[in-house]
Amino acid sequence: MNGKAFNPTYEENLRLVALHKQITIGPYDPNACPEIGFFDVLGNDRRKEWLRLGSMAKEDAMEDFVKLLNSCCSLFAPYVTSHKIEKEEQEKRRKEEEERLRLEREEQERQRLEEAARRREEEERRIKEKEQRRKDEAERLQIERQKQQIMAVLNAQTAVQFQQYAKQQYPDNPDQQQLLIRQLQEQHYQQYMHQALRLQQMALQKQQDSNVNQMSEALPSPVSNEAVPTCNPNSQSNSLENQQTDSKAFHLCVEGKTGEVPIIAPSMWTRPQIKEFKEKVLHDQDSVITVGRGEVLTVRVPTHQDGSHLFWEFATDHYDIGFGLYFEWKDMTMPASTETTETKEGTEQVEGEKQTEQGRCPLVHEIAPVSRRDSHEEVYAGSHQYPDQGVHLLKFDNSYSLWRPKVVYYRVYYTR
């Protein structure tokens, strides 16, 4: 760069060369340095300047070199400063690049781990869903098998009644008969399951009440050694709670007679042909009755000596009505109670008037509790097997209506 970046003097140039040799080689050693010719003026001057440095330390020579170069070259300090800045920037960029690459590697590793975790979760979810679908399918098949078994038992009990009913509805149409029978069987199954659930809930409630009563008793009540076991017809043993879910017999306790009286749960269903039903019933004026507002009307249907099942159908105009089925035993009695009802035969009767000379009245058992039926939308029908000789009581309840009387279209018949 001599003559371009700066122009040192001859002495400065000699001094710079001598300091450079002192730094790179060390102090002048005549034995290690080659001889210089007599006529080599520049070489002799440089050697003399080098010899003048004596035993100067390398660090001191470096410091003198920099000071001399800085004094004779005004561009040296800015050059060193800019070179330093450039080196620092290069180092900074290198570190930033290394940091960027490190972050990229960390991000790639994080994404790889997240993707692996997502795949594991997805695989676990698929396995769980597959297992859940398998369990649901197994449960569905189990329920379907149970349903088929229950329906097979129920259908065996109602096959004759439903076939007779279907033949009366569609006498010349076997396809419609089979379709109606299937509908009746499905409705009978749904009703049976609803009743079984209801009985199960009632039994559970009864057990809970019994546990509460046992816990609340402080002392046991004294029992006489001469006491004779008696049976109260009004006790819970006569209630609907004692129905078995498999449609077995009720357990009734009647004074003077202990045993089982078989009462089969009724079969009830609906059908949509309400208009055609009303048109058929209108031909018989006795089959159209009016239940006044706030009244309960009871239709008494005695058991027939040649019959085995009672069938009923009914519908109403515009509004619903309550309906329930009861059975009045012929040879069983209970303590008399006064209850006013209106019967199909005409006027109000006081059931207390039926008391026997001993102050007893016939035992009445609930077959289907009174509940409101949407009989203005569908024809409600049902059947019930005779439990014994007696009278079926069809109760049409309009006691909840304070303003509207209800017109009821109904018909009842028996089958062998």
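Contact here means heavy atoms within 4.5 Å. With that in hand, here's a quick tour of this predicted model. The chain has six helices and 13 strands, and buried residues account for 33% of its 416 residues. Of the contacts between residues at least 6 apart in sequence, 80% join residues at least 24 apart.

**The five-stranded sheet**

- Five strands line up as S3-S11-S6-S13-S4 in an open sheet, and their pairing is antiparallel.
- Strand S3 (267–271) and strand S4 (288–291) sit at the edges with a single partner strand each, so one side of each has no neighbour in the sheet.
- On average, neighbouring strands in this sheet are turned by 25 degrees against each other, direction ignored.

**Helices on the sheet**

- Helix H4 (residues 76–169) lies across S3, S6, S11 and strand S13 (406–415).
- Relative to S3, H4 runs at about 25 degrees.
- Helix H6 (residues 274–281) packs on the sheet as well, touching S3, S4, S6, S11 and S13.
- The direction of H6 makes about 105 degrees with that of S6.

**Strand S6 and its partners**

- S6 (residues 309–316) is joined by six bridges to S11 (residues 379–385), and the two run antiparallel.
- If you want to trace that pairing by eye, His309 has Gln385 as its bridge partner in S11, and Leu310 stands opposite His384.
- Eight bridges tie S6 to S13, again with the strands running antiparallel; here Thr316 stands opposite Val408.
- How many of the eight residues of S6 are buried? The count is eight of eight, which leaves S6 mostly covered.
- In a regular strand the side chains alternate between the two faces of the sheet.
- In S6, one way point His309, Phe311, Glu313 and Ala315, and the other way point Leu310, Trp312, Phe314 and Thr316, all of them buried.

- Strand S5 (residues 296–302) has five of its seven residues buried, so the rest of the structure largely encloses it.
- S5 is joined by seven bridges to strand S12 (residues 390–397), and these two run antiparallel.
- Look for Ser401 in the loop between S12 and S13.
- Is Ser401 buried or exposed? Its relative accessible area is 10%, so Ser401 counts as buried, the cut-off being under 20%.
- Setting aside neighbours within four places in sequence, Ser401 is in contact with Arg293, Gly294 and Lys406.

**H1 against H2**

- Two packed helices are described by the angle between their axes and the distance between the axes.
- Helix H1 (residues 10–24) packs against helix H2 (residues 41–52) at an angle of about 60 degrees, with the axes 8 Å apart.
- That angle makes H1 oblique to H2, and H1 passes H2 in a right-handed crossing.
- On the H1 side, the contact is made by Tyr10, Leu14, Arg15, Val17, Ala18, Lys21 and Gln22.
- On the H2 side, the contact residues are Val41, Leu42, Asp45, Arg46, Glu49 and Trp50.
- Sorted by class, the H1–H2 contact has seven nonpolar, one polar and five charged residues.

**H1 against H3**

- The axes of H1 and helix H3 (residues 58–72) come within 9 Å and cross at roughly 155 degrees.
- Why are H1 and H3 called roughly antiparallel? Angles over 145 degrees count as roughly antiparallel, and the crossing of H1 and H3 is at roughly 155 degrees, so the two helices are roughly antiparallel to each other.
- H1 passes H3 in a left-handed crossing.
- H1 brings Glu12, Arg15, Leu16, Leu19, His20, Gln22 and Ile23 to this contact.
- H3 brings Lys58, Ala61, Met62, Asp64, Phe65, Leu68, Leu69 and Cys72.
- By class, the H1–H3 contact has nine nonpolar, two polar and four charged residues.
- Arg15 and Gln22 of H1 are listed in the contact with H2 and also in the contact with H3.

Key. Residues numbered from 1 in each chain as written. Predicted model: local features only at pLDDT ≥ 70, side-chain atom pairs only at ≥ 80, totals over all residues. Heavy atoms only, no water. Pairing = 2+ DSSP bridges. Helix = DSSP H or I, 4+ residues; strand = E, 2+ residues; numbered from the N terminus. Axes fitted to C-alpha atoms, helices over the stretch in contact; angles between N-to-C directions. Parallel < 35°, antiparallel > 145°, perpendicular 65-115°, else oblique. Left-handed = near helix turned anticlockwise from the far one by under 90°. Nonpolar A, V, L, I, M, F, W, Y, C, P; charged D, E, K, R; others polar. Buried < 20%, exposed > 50% of the residue type's maximum accessible area, 1.4 Å probe, protein only.
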